Amino acid sequence: MREIVIGGAQMGAIQKADSRADVVARMIALLDQAAEAGCDLVVYPELTLTTFFPRWWMDDPAEIDQWFETEMPGPDTQPLFDAARKHGIAITFGYAEKTPEGRYFNTSILTDKEGNIVGKYRKTHLPGHSEYDEDRLFQHLEKKYFEPGDTGFPVWRNLDAWMGMCICNDRRWPEVYREMGLQGVELITLGYNTPTVNSQHGDEGLEKRLYHSDLSMSAGAYQNATWVVGVAKAGVEDGHPLMGGSIIVDPNGMVVARAKTEEDELIVHACDMDMCNFGKATIFDFKRHRRIEHYTRITGQTGVITPDQETRSAE
Ligand code: ING
């Protein structure tokens, strides 16, 4: 049995006015709780260090840059790494990354138990839009502030298991899980900031949004025989509600732990990585069952091409 006790450290709202020091103190409080609970790994949300700033229109570079980290760990986050090392707990969390070359990514890192960064992932699927959209109830400007990630979906050996990461909207795309599934992934961690309401007036309410979040992560876990841990930044940020719903999903797609609040809340589960073995050796033994000669559209085309369009273009 390869057991990893995993803590999902859901964060409540972070207001525009909150400092990184305020936020890191809250993260360390959750880490202390996780140490009490015997956690080996703690998963924090997407863009954990700040409010979900892509909801705001900004065009002053200095105003935009205030939300980004230029070093990791940096002065504000070093106390978190120190606390994790003190507890001997590996951590993963998301933040806005500005590279030395001046590139901007929605990023997540993973550490070992000594606080060394062993993996970095940059968000691939950026939802929303890049120009101000006055038809929306609120903006969702990830396509303005971030570049699509350039890492692909790597998998690393950490805590005697194969681990990968994705971020928020990535969890809605099956290709994401399969890319890591084909590397033998046993644990996928992800953070999310999901607005409770649809900015485009869709009829999706909170219940349906929570269902879609569960559905996406449970399907990804089951269809790739992997653990999935999805952790929210939740609560009302400067009047804008984000949903909770942080969960830990086992390799059979069963939700084994779920947050109850939209506040700072730790969920914990002892996850046996060997639970992945049966699915990977039977129903999802990819080598035995997949027929890649029939999957060409999945990487061969981006959008929909209906059979009649296909016929016309062939003429
Ligand atoms: N947020 C949302 C997410 O994918 C979204 C955006 C919500 C897209 C609901 C589609 C439906 O959870 C981020 N930050 O990606």
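**Entry 1: cavities**

I searched the whole structure, a predicted model, for cavities of 30 Å³ or more and got one. I noted a volume of about 40 Å³ for the largest cavity.

I then looked up what lines the largest cavity. I found Val-43, Tyr-44, Pro-45 and Glu-46, then Thr-92, Phe-93 and Gly-94, then Ser-108, and finally Thr-189, Leu-190 and Gly-191. Two elements give two or more residues to this lining: strand 3 (90-98) and strand 8 (187-192). Sorted by class, I have five nonpolar, five polar and one charged residues in the lining of the largest cavity.

**Entry 2: the largest pocket**

I turned to the pockets. The largest pocket holds about 480 Å³ of space. I listed 16 lining residues, and the closest to the pocket centre are Glu-175, Arg-178, Glu-179, Ile-298 and Thr-299.

Which elements each supply at least two residues of the lining of the largest pocket? I found helix 5 (174-181) and helix 9 (296-300). Helix 5 gives the most, with five residues. By class, I recorded eight nonpolar, four polar and four charged residues for the lining of the largest pocket.

**Entry 3: the second largest pocket**

I put the space in the second largest pocket at about 350 Å³. It has 18 lining residues; Pro-127, His-140, Asn-169, Arg-172 and Arg-209 are the closest to its centre. The class tally for this lining reads four nonpolar, nine polar and five charged residues.

**Entry 4: the ligand**

Where does the ligand sit? I located the ligand in the second largest pocket.

I looked up its neighbours next. There are 13 residues around the ligand, and Glu-142, Cys-168, Asn-169, Arg-172 and Thr-194 come nearest. The shell around the ligand has three nonpolar, four polar and six charged residues.

An N or O atom in the side chain of Thr-194 is 2.6 Å from a ligand oxygen. For Arg-171, a side-chain N or O atom is 3.0 Å from an oxygen atom of the ligand. For Glu-46, a polar side-chain atom lies 3.3 Å from a ligand nitrogen. I also computed cover: on its own the ligand has 370 Å² of accessible area, and the protein covers 86% of that.

One cross-reference. Glu-46 has this pair with the ligand nitrogen, and Glu-46 also lines the largest cavity.

Methods: Residues are numbered from 1 along each chain as its sequence is written. This is a predicted model: local features need pLDDT of at least 70, side-chain atom pairs count only at pLDDT 80 or more; totals for chains, interfaces and linings use all residues. Side-chain values use heavy atoms; hydrogens and water are left out. On a 1 Å grid over the protein atoms alone, a cavity is a set of points where a 1.4 Å probe fits but cannot get out, and a pocket is an open set with protein on both sides within 12 Å along at least five of seven lines; lining residues have an atom within 4 Å of a point. Grid points are joined across faces, edges and corners, and a volume is the space filled by probe spheres set on the points. Helices (H or I, at least four residues) and strands (E, at least two) are DSSP runs, numbered from the N terminus. Ala, Val, Leu, Ile, Met, Phe, Trp, Tyr, Cys and Pro count as nonpolar, Asp, Glu, Lys and Arg as charged, and the others, Gly among them, as polar. A residue is near a molecule or strand if one of its heavy atoms lies within 4 Å of it. A polar contact is a pair of N or O atoms within 3.5 Å; within protein, one must be able to donate a hydrogen and the other to accept it, and residues adjacent in sequence count only if both atoms are side-chain atoms. Accessible areas come from the Shrake-Rupley method with a 1.4 Å probe; for residues, only the protein chains shown count as cover. A molecule sits in a cavity or pocket if more than half of its atoms lie within 2 Å of its grid points.
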